[in-house]
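Hello,

Here is the structure I promised to pass on. Please open it first, then read my notes below.

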Amino acid sequence: MMKNLIEDLCVFVLITTAFLSPFLILFGFILLSYYWSLRMTLLISLIYGSWMYIDRFTDVQEGRWSNRLRRSVFWSMIVNYFPIRLIKTEDLDTNRNYIFGYHPHGAFTFGGLNFITEATHFSTLFPSIRPHVMSLRYGFLIPIVRELYLYLGNL
C-alpha cells in the first residue's frame with residue numbers, strides 16, 4: 001500500500017514538473033518578489049538567465065552526466081509504476097554506435113527512462129555503451145527542467 005502511494009507521488013511530481021514548470025517558475029518568481037525583495041529576485045533571475053545563455057550549447061555537446069541522478073530511486077519508482085522493462089535480445093559491439101527506437105515515442109513518454117536512467121539497469125545489460133536521448137529544443141528553454149535534461153544526458 002505504502003509503496004503504491006510513493007510510486008503515485010513520484011509520477012505526480014514528474015508529470016507536474018514537466019507540464020507545469022513554466023507556470024511554477026513564474027509563480028515562484030512572483031512569490032519571491034512579494035515575500036523577499038524584487039531586487040534580489042531579479043538579481044537571481046539575471047544570474048540564472050546569464051548562466052543559461054553562457055551554457056546554451058551544452059545540450060549539443062554531450063550535455064552533462066550525473067550517475068547519481070541516473071541511479072536515483074525516484075526513477076525506479078516510476079518504472080515500477082508503469083511498469084517499464086528493458087529486455088536484452090542481443091549482445092552489442094561496444095565499438096559501434098547504435099540508434100535505439102522505442103514506442104510510444106513523442107514529447108512526453110516514459111519509454112525513454114530505459115535509456116536516460118539506470119532504473120532498468122541499462123549499463124549492466126549493455127556495458128560500455130553510453131546512451132543519450134534526443135529531445136526537442138523546447139525542453140532546454142525551461143529553467144530547472146533544462147538542468148534535469150542535461151544531467152540525464154539528453155541532447
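**What covers α1**

Start with the buried residues of α1: their cover includes α2 (38-54), α4 and α7 (145-152). The buried residues in α1 are E7, C10, V11, L14, T16, S21 and S33. Please keep in mind that this is a predicted model.

**The chain as a whole**

The chain has seven helices and zero strands. Along the sequence the pattern reads α-α-α-α-α-α-α. The C-alpha trace spans about 55 × 45 × 25 Å along its principal axes. Of the 155 residues in the chain, 31% are buried. Now take the contacts between residues at least 6 apart in sequence: 71% of them join residues at least 24 apart.

How far does α1 span between its end C-alpha atoms? The span is only 36 Å, whereas a straight helix of 34 residues would span 50 Å at 1.5 Å a residue. S21, in α1, is on the buried list.

**α1 against α4**

Two packed helices are described by the angle between their axes and the distance between the axes. Helix α1 covers residues 2-35, and helix α4 covers residues 73-81. They pack at an angle of about 105°, with their axes 8 Å apart. That angle makes α1 roughly perpendicular to α4.

Which residues meet there? On the α1 side they are K3, I6, E7, D8, C10, V11, V13 and L14. On the α4 side they are F74, W75, M77, I78, N80 and Y81. By class, this contact of α1 with α4 has ten nonpolar residues, one polar and three charged. Several names come back from the buried list of α1, among them E7, C10, V11 and L14.

**α1 against α2**

Next, α2. The axes of α1 and α2 come within 7 Å and cross at roughly 145°. From α1, the residues in this contact are F29, L32 and S33. They meet L38, T41, L42 and S45 in α2. The classes in the contact of α1 with α2 are four nonpolar, three polar and no charged residues. S33 is also one of the buried residues of α1.

**Where to look**

Finish at L38 in α2, which is in the contact with α1.

Best wishes

Definitions and conventions. Residues numbered from 1 in each chain as written. Predicted model: local features only at pLDDT ≥ 70, side-chain atom pairs only at ≥ 80, totals over all residues. Heavy atoms only, no water. Axes fitted to C-alpha atoms, helices over the stretch in contact; angles between N-to-C directions. Helix = DSSP H or I, 4+ residues; strand = E, 2+ residues; numbered from the N terminus. Parallel < 35°, antiparallel > 145°, perpendicular 65-115°, else oblique. Contact = heavy atoms within 4.5 Å. Nonpolar A, V, L, I, M, F, W, Y, C, P; charged D, E, K, R; others polar. Expected span 1.5 Å × (residues − 1). Buried < 20%, exposed > 50% of the residue type's maximum accessible area, 1.4 Å probe, protein only.
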